[in-house]
Amino acid sequence: MSQHNDPVASPYLAPTDGSFTLADMPTRATDAPSNSALKKQLEDAVQDIAERQRMLYAHNRFSLLLVFQAMDAAGKDSTIRKVLSGVNPAGCHVSSFKRPSSTELDHDFLWRTTCKLPERGRIGVFNRSHYEEVLVVRVHPGILDAQQLPHTPDLDTLWAHRLRSIADQERHLADNGTVILKFFLNVSREEQRKRFIDRLEVARKRWKFEPNDVRERGYWSQYMHAYEQAIRATSKPWAPWYAIPADDKPAMRFLVADIVRRTMDALPLAYPSVADEDRELYDTLLKQLKSEG
């Protein structure tokens, strides 16, 4: 993967030649396993990811960065929780990015996510990410007023510059051993409406609801345009985007887990070998320990 191998195949892989069209991508999967098989296959994928994460940690040459972006109520949190439920917490870190702090605003727009990149041997998860700067900020350009930019070009130029900076950084990371997978959880506007209603009707779910989520629905078409432009500019063989159908949560989680598993399978991971002189010492110590019994 660090040598820019092709990403794992999927009908939901965004083209890496800049031709991505969001309207071509379904919001409900038609190729996921049946409900009776889905739970077991997800469990198997989660277990496989956990096993490969242990080898990733021991090998200590690669890191894995999983980026999740979506409209509200698409299921980012639950997908991250389910897919990584078997992973050793010591080898995985989840970072969530909301409104920038004053310290973060004193740096360039990539600084705060760069600080959270995974070390070698670790899995890093971005729940929202640097892409917010070409998604939310693109839909609400008034946010730029607080960013203390040295100069502000026309907006079309600004978005092009930011997308180029993101693509350049991702190529640099891939060249240096970070395997990048980016997931756009593609929920339909109608399914989002149903989930918002559910959050309001079920008392134990109301804590998830924010009034601003409904206001943002009014910008749906602008968000879809921003996502399409971002994915077109930054889906590359070394940092692919997958537009995962999100109207069916169990199917969505399996599809994400399967892509993560197959990507890790393609890495040349191995447990470190023991040097000959150490092997002799270990054999001696093993005999000594056994003799004590």
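This is a predicted model: local features need pLDDT of at least 70, side-chain atom pairs count only at pLDDT 80 or more; totals for chains, interfaces and linings use all residues.
Asp-258 has another partner. The side chain of Arg-262 meets it in a salt bridge of 3.1 Å, N to O. Here the spacing in helix 10 is four residues, so Arg-262 and Asp-258 are again separated by about one helical turn. Arg-262, though, is partly exposed, with a relative accessible area of 30%.

Now hop over to helix 7, residues 189-201, for another pair. Arg-193 and Glu-190 meet through their side chains in a salt bridge, with N and O 2.6 Å apart. They are three residues apart in that helix, so about one helical turn separates them. Arg-193 counts as partly exposed at 37% relative accessibility, and Glu-190 is partly exposed as well, at 38%. The structure holds 16 salt bridges.

What about Glu-228? This residue is found in helix 9, spanning residues 220-234, and it is buried, with a relative accessible area of 14%. Set aside the neighbours within four places in sequence, and Glu-228 is in contact with Phe-20, Thr-21, Leu-22 and Ala-23.

For something nonpolar, look at the surface around Leu-281. This leucine has its place in helix 11, residues 276-292, and is partly exposed, with 43% relative accessible area. Together with Val-274, Tyr-282 and Leu-285, Leu-281 forms a nonpolar patch on the surface, with about 340 Å² of accessible area in total.

Finally, zoom out to the whole chain. The protein chain has 11 helices and five strands, and its C-alpha trace spans about 75 × 50 × 35 Å along the principal axes. Of its 293 residues, 47% are buried. Take the contacts between residues at least 6 apart in sequence, and 82% of them join residues at least 24 apart. The chain exposes about 15,200 Å², with carbon and sulfur atoms supplying 49% of that area. As for charge, there are 41 positive and 40 negative charges, and their mean positions are 5 Å apart.

Key
Residues are numbered from 1 along each chain as its sequence is written. Side-chain values use heavy atoms; hydrogens and water are left out. Helices (H or I, at least four residues) and strands (E, at least two) are DSSP runs, numbered from the N terminus. Buried means under 20% relative accessible area, exposed over 50%, partly exposed in between (1.4 Å probe, protein chains only). Contact means heavy atoms within 4.5 Å. Patches are made of residues with over 30% relative accessible area and no salt bridge: like charges are joined within 9 Å, nonpolar side chains (Val, Leu, Ile, Met, Phe, Trp, Tyr) within 5 Å. Accessible areas come from the Shrake-Rupley method with a 1.4 Å probe; for residues, only the protein chains shown count as cover. A salt bridge is a side-chain nitrogen of Lys or Arg within 4 Å of a carboxyl oxygen of Asp or Glu. Lys and Arg count as positive and Asp and Glu as negative; His and the chain ends are not counted. The place of a charge is taken as NZ of Lys, CZ of Arg, CG of Asp or CD of Glu.
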